[in-house]
Amino acid sequence: MTATLTPPELQRYARHLILPEVGIAGQERLRGASVLLIGAGGLGSPAALYLAAAGIGRIGIVDDDVVDATNLQRQILHATGDVGRRKADSARERVTAANPHVEVELHPFRLDSSNALEIFSRYDLVVDGSDNFPTRYLVNDAAVLTGRTVVYGSIQRFEGQCSVFGAPGGPCYRCLFADPPPAGLVPSCAEAGVLGVLPGIIGTLQALEVIKQILGIGESLVGRLLLFDALALRFREIQLPRDPACPACGDEPTIDALIDYQDFCGLSGSQENDDSGDTMQDEIPEISVLDLKERLDRGDSITLVDVREPGEWEMGNLADHGAVHIPMGEVPDRADEIDPESEVVVYCRSGARSAQVAGFLLERGYERVHNMEGGILAWSDEIDSSIPKY
Ligand SMILES: [Zn+2]
């Protein structure tokens, strides 16, 4: 750990060594440090590459996901040939290729309440690159309980955020948001989209904050939430003091153990990252794509309603079967376009948003409403593969 840098390392880190703020002592601190990355996705990709290049001694990667073609637009740890492989594996290959002096440890499973404390306790710092609320609250609480600092980042559409939580005297994520937003009100990346370069910017800022924390230089984002608007190309920040009444890091904390975060965030069932914002409403009647297709072929009169966003509709839809397009957000104003006497089947990408719309219509007095189980993904799998999956 404290052994002096070898000649190849001295050469590799030369541009660090001539900075008085880093120098040999700083480079040795970087090499002695360990950083845990939550997620090898959009944020984890640039963070992992820059932390490895900078000479962090040990990098842990938690990710249970498999590389999907839709990841490649932003998750630069993974290449076209990696589709179908575990993200943890392709991440290790890229990181090791960038810097063989870095030790990479894989945790190729889902971070949960049973393993988070043990994993966190083995690293100095945590980079939160998760894309869903259950994991974000889990990461926060585990960090507070183990005394670890978390460099937080999040992205959506054209906007990103970054801050440092859990540092001594600084706030935690729960000081900002004590409780999660109502389930289903927050669209996931899969639903809302994200500009490909955005996680590159926010994930790089996270790597920067990690390196500053380790070196003890500069002014950190502790106590400040940085907001980035990619379209306006503007950074703003809001002051974020620690909340003495915070349930996690306050003066009299009420959280003394990890909880069930799926439950806490009002979610159940689906554990898929991309569908984290979804609610599963048990009471909504569902119809399978096979049953629906059979009934459409029989000529049954069914009003099909596609509640996805315009870009999703354009990629492929069921207009040939008479589907009408009313994006979810417009349903309250345009519900009268749907005949209350008719049988209605609502669909979206995966079946989550449409379940909410179906629930809304049922509450409005529509009597025969079904949610298309599995959404357009299921239709593509089982009925018509010419409809693209995304
Ligand atoms: Zn707090």
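Q: Which residues in α4 meet which residues in α5?
A: In this predicted model, Ala48, Leu49, Ala52 and Ala53 of α4 meet Ala91, Arg94, Val95 and Ala98 of α5.

Q: What makes up the contact of α4 with α5 by class?
A: The contact has seven nonpolar, no polar and one charged residues. Arg counts as charged, and Ala, Leu and Val count as nonpolar. Arg94 is among the residues of α5 in the contact, so Arg94 falls in the charged class.

Q: Why is α4 called roughly parallel to α5?
A: Helix α4 (residues 44–54) and helix α5 (residues 87–98) pack at an angle of about 30°. Angles under 35 degrees count as roughly parallel, so α4 is roughly parallel to α5. Their axes are 9 Å apart, and the crossing is right-handed.

Q: Why are β9 and β11 called edge strands?
A: The open sheet has five strands in the order β9-β13-β12-β10-β11, with parallel pairing. Strands β9 (286–287) and β11 (324–325) each pair on one side only.

Q: How do you know that β9 pairs with β13?
A: Two bridges join β9 to β13 (residues 369–372). Pairing takes at least two bridges, so β9 and β13 count as a pair. The two strands run parallel, and Ile287 stands opposite Met372 in β13.

Terms used: Residues numbered from 1 in each chain as written. Predicted model: local features only at pLDDT ≥ 70, side-chain atom pairs only at ≥ 80, totals over all residues. Helix = DSSP H or I, 4+ residues; strand = E, 2+ residues; numbered from the N terminus. Axes fitted to C-alpha atoms, helices over the stretch in contact; angles between N-to-C directions. Parallel < 35°, antiparallel > 145°, perpendicular 65-115°, else oblique. Left-handed = near helix turned anticlockwise from the far one by under 90°. Contact = placed C-beta atoms within 7 Å.
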